Protein chains: 2
Amino acid sequence: MCQVCFGVDVGGTTVKLGLVTQDGELLEKQEFVSAHDVGEMFDNIAAHMKEVMGHFSDYQCVGAGVGVPGPVVEERLVHGCANLGWGDVDVAGELGRRTGLPVKVANDANLAAMGEMWQGAGRGCRDLVLLTVGTGVGGGLITGGRMITGATGGGGEVGHIPTSFHPDWQCGCGKYGCLEATASASGIIRAARQFSPFKEQERVTAKDVFDAAKDGDQNALRVVTEAGHALGHCAAILTCVLNPEIILIGGGVSAAGRMLMEPVEETFRLEAFGPSSHIPFARAQLGNDAGILGGAAMFFCE
Amino acid sequence: MCQVCFGVDVGGTTVKLGLVTQDGELLEKQEFVSAHDVGEMFDNIAAHMKEVMGHFSDYQCVGAGVGVPGPVVEERLVHGCANLGWGDVDVAGELGRRTGLPVKVANDANLAAMGEMWQGAGRGCRDLVLLTVGTGVGGGLITGGRMITGATGGGGEVGHIPTSFHPDWQCGCGKYGCLEATASASGIIRAARQFSPFKEQERVTAKDVFDAAKDGDQNALRVVTEAGHALGHCAAILTCVLNPEIILIGGGVSAAGRMLMEPVEETFRLEAFGPSSHIPFARAQLGNDAGILGGAAMFFCE
């Protein structure tokens, strides 16, 4: 009997869940709005899982791998999810009780890296770094095939690596000089707003800055280049620490393409420790499905 | 029958080996000069192990954990040890063939961290960082109870983390701005040599610089303080990446004590990510026995 597993990606806005075969095929996917009450959230997830499983009753479901936007310990407990208004929640207990399935839980950024390792741009690797550059900068770090979760679920908080870029800019975390303050979409917008025409615009997106840079705006290009240097610097740091086989870049900001990746790689090749300075960069491949496939990877990819 | 294990710490100058019980008691220790021929080296190690085992024939020996000063993969192969003039060596094969024992191999800095976790200052932890600050800066990184070795054995090369301290100083690795160029004994000496009286002295040791700083030499104090800031900065980086429970500082430079640790902790508390910024620092406890106990930990501490 073919084995399948649920991957569940719990976000602040929506929940995405899918049923995945042991070969990594995504059989069915559903997406629905997040409930902010914990009980209602897990009632909804369990109901959707039941519905999907009804379509594949001749498969054997071995469990559910769940990603949540917060620090996870022991593959079951999350200690607070700001985006969901959650305090401590026993995610494995809540979902296991409602479904009768074994449940494993991880931080969503780590889970995306597991997904990329299993079925995406990191296929075949056991040591990889995923930098997810969107509104913030998140990281999923895999060493020897396992996620780095840390003592209290705070492993891979690469967006808060201290840097000497913009040492006077405060990050949302309260510190100064975090990678995220320079290299995220928010950081890029903040930097661009120092200059015309962005200074005068009511609304600026990272894409506006990329488009202006493409059209030859030197200030915009400088802002994107600096974000790239900051990312390359932190990629070099992570390479000294973890000695990965590949570095993956995902998230909305990675859509900037070569304009961003050239300064990333330039700084990386200069700053990475010799034996690792040649390793490849690649774009993450799985997009919104990374968390679902990562959830299944917690069961199928050991 | 009480189980025992050999820990073997292979260095460029000497080999230290010891027989360790499953409770972490070091029953007997031997130290002898390193041979540069690979075959002779392992003949010597096997002969010393046989001699020691003869004194404890009523114990059951389960294996040997070996630390080498180079990048190790698959717990058996080392890809070059500059200090020993070795190319690729199948350490587990060489020693296993001569002793009939299961052999596990690791990088010496990683193994010291395993030793500290099992029987030293990191006892009870599963996530820890050991910074060994001597002639260079080495690191042993443990996540979830396992050493970070990386794809090609280059995990934990924290001495080569790029920093903005002395960006124009070249490190032995060829790069500029490495942590090691600022925070090692060599870096401290180099920085102190910019000033009198060190500029004029033929021979300067890190201890000379510490002693001068204690005696009120402001330049010497500034040099030690800067080394501390660089270490604190990198400890903060490692905390963002790994979320450890504790950070241990070992090696000769750590003998500087509070003079060094105050700037380390000052920078760390400023730069470490919030949830981890309160974690303790401690001095490594095992000194020269760390590698021997770490070798045994590869068998006894899972």
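Which residue takes a positive phi in the hairpin of S10(A) and S11(A)? I opened the notebook with that one, and the reply is A:Gly144, with phi near 55 degrees. Two residues sit between the strands of this hairpin. A reminder to myself before going on: this is a predicted model.

**Entry 1: the chain as a whole**

I began with an inventory of chain A and found nine helices and 13 strands. Next I looked up the extent of the C-alpha trace, which spans about 60 × 45 × 35 Å along its principal axes. For 302 residues, a compact globule would have a radius of gyration near 19 Å, and the 20 Å of chain A agrees with that. I also noted burial: 54% of the 302 residues of chain A count as buried. For contacts in chain A with a separation of 6 or more, I see that 65% come from residues 24 or more positions apart.

**Entry 2: the sheet around S10(A)**

Five strands of chain A form an open sheet with mixed pairing, in the order S11-S10-S9-S12-S13. Which strands stand at the edges? They are S11 (146–147) and S13 (281–283) of chain A; each has a single partner strand, so one side of each is left without a neighbour in the sheet.

I then went through the partners of S10(A), residues 137–143. With S11(A), S10(A) runs antiparallel, and two bridges join them. I wrote down both pairs: A:Thr143 has A:Arg146 as its bridge partner, and A:Ile142 stands opposite A:Met147. With S9(A), residues 128–133, the pairing is also antiparallel and covers six bridges. In that pair A:Leu131 stands opposite A:Gly139. S9(A) and S10(A) are joined by a hairpin too, this one through three residues.

Is S10(A) mostly covered or mostly exposed? I find it mostly covered, with seven of its seven residues buried. In a regular strand the side chains alternate between the two faces of the sheet, and I checked each face on its own. On one side A:Val137, A:Gly139, A:Leu141 and A:Thr143 are buried, and on the other A:Gly138, A:Gly140 and A:Ile142 are buried as well.

**Entry 3: H3(A) against H9(A)**

Two packed helices are described by the angle between their axes and the distance between the axes. I looked up both for H3 (residues 108–119) and H9 (residues 290–300) of chain A: the angle is about 80 degrees and the axes are 7 Å apart. The two helices are therefore roughly perpendicular to each other. On the H3(A) side the contact includes A:Leu111, A:Met114 and A:Trp118. On the H9(A) side I noted, among them, A:Gly291, A:Gly294 and A:Gly295. Sorted by type, the residues of this contact are nine nonpolar, five polar and two charged.

**Entry 4: where chain B touches chain A**

How many residues does each chain put into the contact? I get 37 from chain A and 37 from chain B. On the chain B side, the elements that give two or more residues are strand S10 (137–143) and helix H7 (218–242). H7(B) gives the most, with seven residues. The residues on this side of chain B divide into 16 nonpolar, 15 polar and six charged.

I went looking for cis peptide bonds and wrote down one in chain A, between A:Ser196 and A:Pro197, with omega about 0 degrees. A:Pro197 lies in the loop between H5 (185–192) and H6 (206–214) of chain A. Chain B has a cis bond from B:Ser196 to B:Pro197, with omega near 0 degrees. B:Pro197 is in the loop between helices H5 and H6 of chain B.

Next came positive phi values in residues other than glycine. A:His166 has phi near 45 degrees and is found in the loop between S11 and helix H4 (179–183) of chain A. A:Asn243 has phi near 50 degrees, and its place is in the loop between H7 (218–242) and strand S12 (246–250) of chain A.

Are these residues buried or exposed? A:His166 is partly exposed, with 18 other C-beta atoms within 10 Å. A:Asn243 has 24 other C-beta atoms within 10 Å and is buried, since the cut-off for buried is 20 or more.

Definitions and conventions. Residues are numbered from 1 along each chain as its sequence is written. Chains are lettered from A and ligands numbered from 1 in the order in which they are written. This is a predicted model: local features need pLDDT of at least 70, side-chain atom pairs count only at pLDDT 80 or more; totals for chains, interfaces and linings use all residues. Axes are lines fitted to C-alpha atoms, for helices over the stretch in contact, and angles run from 0 to 180 degrees between N-to-C directions. Helices (H or I, at least four residues) and strands (E, at least two) are DSSP runs, numbered from the N terminus. Angles under 35 degrees count as roughly parallel, over 145 as roughly antiparallel, 65 to 115 as roughly perpendicular and the rest as oblique. Two residues are in contact if their C-beta atoms, placed from the backbone, lie within 7 Å. Ala, Val, Leu, Ile, Met, Phe, Trp, Tyr, Cys and Pro count as nonpolar, Asp, Glu, Lys and Arg as charged, and the others, Gly among them, as polar. The radius of gyration is taken over C-alpha atoms; the globule rule is 2.2 Å times the number of residues to the power 0.38. A residue is buried if 20 or more other C-beta atoms lie within 10 Å of its own, exposed if 12 or fewer, and partly exposed in between; C-beta atoms are placed from the backbone. Two strands pair if DSSP finds at least two bridges between them.
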